[in-house]
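Open the structure in a viewer and keep the selection panel at hand. The stops below are meant to be taken in order.

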Amino acid sequence: MSTVDVPRGVPLDRPNPFDPSTSLAEIRATRPVSRMIFFPDEHLGWFVTDHGLARQVLADTRFSSASLTPRSPVDAPFLFNKVQKVPVDPGTFIRMDPPDHTRLRRKLTGVFTVRRMNELEDRVSQIVDLHLDAMESQPRPVDLVKHFALPIPSMVICELLGVPYEEREQFEARTRHMFSLSTKPEDRLSHMKAIQGFIAALAVGKRSDPADDLLSDLTRDEDLTDDELAGMGFLLLVAGHETTANMLGLGTFALLEHPEQAALLRSEPELMPKAVEELLRYLSVIHLGPRREAIEDIELAGHHIKKGEQVLISVPAANRDPAKFDDPDVLDVTRNATGHLAFGHGVHQCLGQQLARIEMRTAFDALLRRFPTLRLAVPAEEVPLRTDMGIYGVHSLPVTW
Ligand code: HEM
């Protein structure tokens, strides 16, 4: 294939709300590692759609998260798409390699263990009930995103970090702008800086008057600079609410459109842990990445990836790979979906995954029980989809019961 034939950008079109672009299946079957992406700056990158190869790239630290030239994989100014390098923000270890990444991530692994997260379960359950009570008292139809999917993870991460929940509108709106594919690079940067400034100011207060929360704990760590603390707080606050919120919104939509699966979960609630893994696999809300840059020449499945070239993993394609999952396009809450890549893989695998799982299990379970007749209040075609955002989901979900 000559470079003129190489398709531009990641296919984000969808045949329906839950399935990724049909062209992904064709690409995965015919050229699982492909010279597929022209970045808007004309960089010719690589696109990996096969599950096993995606896992291999994510496990290989020669594919760096740090030395990323700012490039957007879609024809949108979502990420910085100028060819100049931007320095990694201190503290945002999602964009660092070992040993810098290891040093910062290690400060948090004790907090995010399965045991520590399970201890939060009762509080998560209270937060879910609080929102279901409020939803029940609203005039119908109710927007499930506004009243359930977004505020639950937002409140949980605020309490964990020690961020005043009253401030949510400000950071939720900034996060929305940051992930919009039409936000200009300079505006995205200013939203990031504003959230970091907000965390930095909070940390000053916590240093003199610490409370029982994660940001207060981090202020006691003499090894961390103020900028690192602000960067880590920013990463946790943003990663901690936006992804889970989209899984709750889109996941509810998927259950409403697959009523036999919802009925199964109502009659056999013990299936919920499996159902959550299956929803993560089936929906793959991270539809634009992870992205890596080769720090040396690397052979991958017979392809020669040169130092400096970018590799984009398609989580939706990998999670629908028939070589890994039988009948991958079927939502089946009884299947064993272990091994999906919704939380990534390797050293950067999602730090908050146990928390996200607890939130999803608790929230879906309570929602299905509380509203046995929950249904869409508009035709499914009218639900606004987040094809215009870096993280997929629904903008709103009008429901009634
Ligand atoms: C990393 C997905 C929830 C915090 C990641 C990565 C993915 C991901 C794919 C890997 C990125 C990469 O390899 O470059 C998700 C999904 C979630 C979710 C689908 C919800 C369903 C959360 C929550 C938190 C969180 C609730 C925080 C409490 C993080 C952090 C990283 C990360 C800090 C960076 C880890 C590192 O670089 O070592 N997440 N996430 N995530 N996630 Fe999540």
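The tour goes from the ligand to its surroundings, then to the nonpolar cores and a single serine.

**Stop 1: the iron atom.** The model is predicted, so treat every distance below as computed from it. Select the iron atom of the ligand and look for protein donors. Its single donor from the protein is the SG atom of C350, at 2.3 Å.

**Stop 2: the ligand's oxygen atoms.** Which residues come nearest to the ligand? Among the 27 residues around the ligand, these are H101, R105, R292, H348 and C350.

- R105, with a polar side-chain atom 2.8 Å from an oxygen atom of the ligand.
- R292, where the corresponding separation is 2.7 Å.
- H348, whose side chain has an N or O atom 2.6 Å from a ligand oxygen.

**Stop 3: the shell.** Now select the whole shell around the ligand. By residue class, the shell holds 18 nonpolar, seven polar and two charged residues. Colour the helices next: α3 (100-109), α11 (226-257) and α15 (353-370) each contribute at least two residues to the shell. The largest share, seven residues, is from α11.

Stop 4: In soluble globular proteins, nonpolar side chains tend to be buried together. The largest nonpolar core here has 91 residues, and F112 and V163 are the members that touch the most others in it. Helix α11 gives this core its largest share, 14 residues. A separate core of 16 residues lies apart from it and includes I298, L300, V311 and L341.

Leaving out residues up to four places away in sequence, V163 touches C158, F171, F198, I199, L202, L215 and L237.

**Stop 5: a serine.** Select S154, which lies in helix α7 (residues 151-161). Is S154 buried or exposed? S154 has a relative accessible area of 0%, and because buried means under 20%, it counts as buried. Show what surrounds the residue: with neighbours within four places in sequence set aside, S154 is in contact with Y165, R168, F171, E172 and H241.

How values were computed
Residues numbered from 1 in each chain as written. Predicted model: local features only at pLDDT ≥ 70, side-chain atom pairs only at ≥ 80, totals over all residues. Heavy atoms only, no water. Helix = DSSP H or I, 4+ residues; strand = E, 2+ residues; numbered from the N terminus. Buried < 20%, exposed > 50% of the residue type's maximum accessible area, 1.4 Å probe, protein only. Contact = heavy atoms within 4.5 Å. Near = heavy atom within 4 Å. Polar contact = N/O pair within 3.5 Å; in protein donor to acceptor, adjacent residues only side chain to side chain. Nonpolar A, V, L, I, M, F, W, Y, C, P; charged D, E, K, R; others polar. Core = buried A, V, L, I, M, F, W, Y, C linked by side-chain atoms within 4.5 Å. Donors = N, O, S within 2.8 Å, 3.2 Å for Na, K, Ca; no water.
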